[in-house]
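Take a look at the structure below, then work through each task and check your steps against the solution.

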Amino acid sequence: MAMAASDISLLDSETAPLRVYVQELRPTPGDNLEIILRKWENHACIEGNIMAQRTEDPAVFTVDYQGERKISVLDTDYTHYMFFCMEAPAPGMENGMMCQYLARTLKADNEVMEKFDRALQTLPVHIRIILDLTQGKEQCRV
């Protein structure tokens with residue numbers, strides 16, 4: 001539904017390093033999380049998957065995606081939406097971050113979007129919504 005980042009270069013073009021569209025989250029028998037995603041690469045939308053490894057904190061996972069990174073679940077109602085953030089150091093920035101608001105349907109929910117914006121304000125780095133995907137113009141997301 002929305003993507004946000006501490007540095008616009010992480011999301012500013014179709015081929016930006018963290019411009020990924022999460023399609024599905026699948027829990028594994030070992031309590032890890034398989035993330036099915038799509039990304040624009042070489043003029044085509046490609047599908048891939050990443051295995052997120054559980055940690056002692058049930059809301060935190062680690063992934064090996066362009067280097068080892070930590071993914072944190074900010075909020076979820078387990079039925080309709082989930083907000084997560086991934087550490088995303090950008091050039092010259094030690095603690096960059098990319099966040100997404102995921103929903104089970106493409107139906108826009110302004111109340112949840114406002115909740116996402118408020119959740120972003122609690123983070124230790126300045127982060128702002130860069131892509132509002134509720135308009136349905138992205139080529140690689142569905």
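**Exercise 1.** How many bridges join strand β2 to strand β3, and do the two run parallel or antiparallel?

*Solution.* First, some background: this is a predicted model, in which local features need pLDDT of at least 70 and side-chain atom pairs count only at pLDDT 80 or more, while totals for chains, interfaces and linings use all residues. Residues are numbered from 1 along each chain as its sequence is written, and side-chain values use heavy atoms, with hydrogens and water left out.

Step 1: find β2 at residues 20-27 and β3 at residues 33-41. Strands here are DSSP runs (E, at least two residues), numbered from the N terminus.
Step 2: look at the bridges; there are seven, and the strands run antiparallel. Two strands pair if DSSP finds at least two bridges between them.
Step 3: inspect the hairpin, where five residues sit between the strands and Asp 31 takes a positive phi near 65 degrees.

**Exercise 2.** Find the disulfide (a pair of cysteine sulfur atoms within 2.5 Å) and describe its setting.

*Solution.* Step 1: searching the whole structure gives one disulfide.
Step 1: its partners are Cys 85 and Cys 99, with sulfur atoms 2.0 Å apart.
Step 2: the pair links distant parts of the chain, as Cys 85 lies in β7 (residues 81-87) and Cys 99 in β8 (residues 97-103), 14 residues apart.
Step 3: the torsion about the S-S bond is about 100 degrees, so this disulfide is right-handed.
Step 4: check burial, where buried means under 20% relative accessible area, exposed over 50%, and partly exposed in between (1.4 Å probe, protein chains only). Cys 85 counts as buried because its relative accessibility is 4%, and Cys 99 is buried at 0%.

**Exercise 3.** Which residues lie nearest the centre of the largest pocket, and which strand gives the largest share of its lining?

*Solution.* Step 1: read the volume, about 1,100 Å³ for the largest pocket.
Step 1: of the 45 lining residues, Val 22, Glu 24, Leu 25, Met 82 and Leu 102 lie nearest the centre. A pocket is an open set of points on a 1 Å grid over the protein atoms alone, where a 1.4 Å probe fits, with protein on both sides within 12 Å along at least five of seven lines; lining residues have an atom within 4 Å of a point.
Step 2: compare the strands; β2 supplies the largest share, seven residues.

Terms used. Helix = DSSP H or I, 4+ residues; strand = E, 2+ residues; numbered from the N terminus. Points joined across faces, edges and corners; volume = space filled by probe spheres on them.
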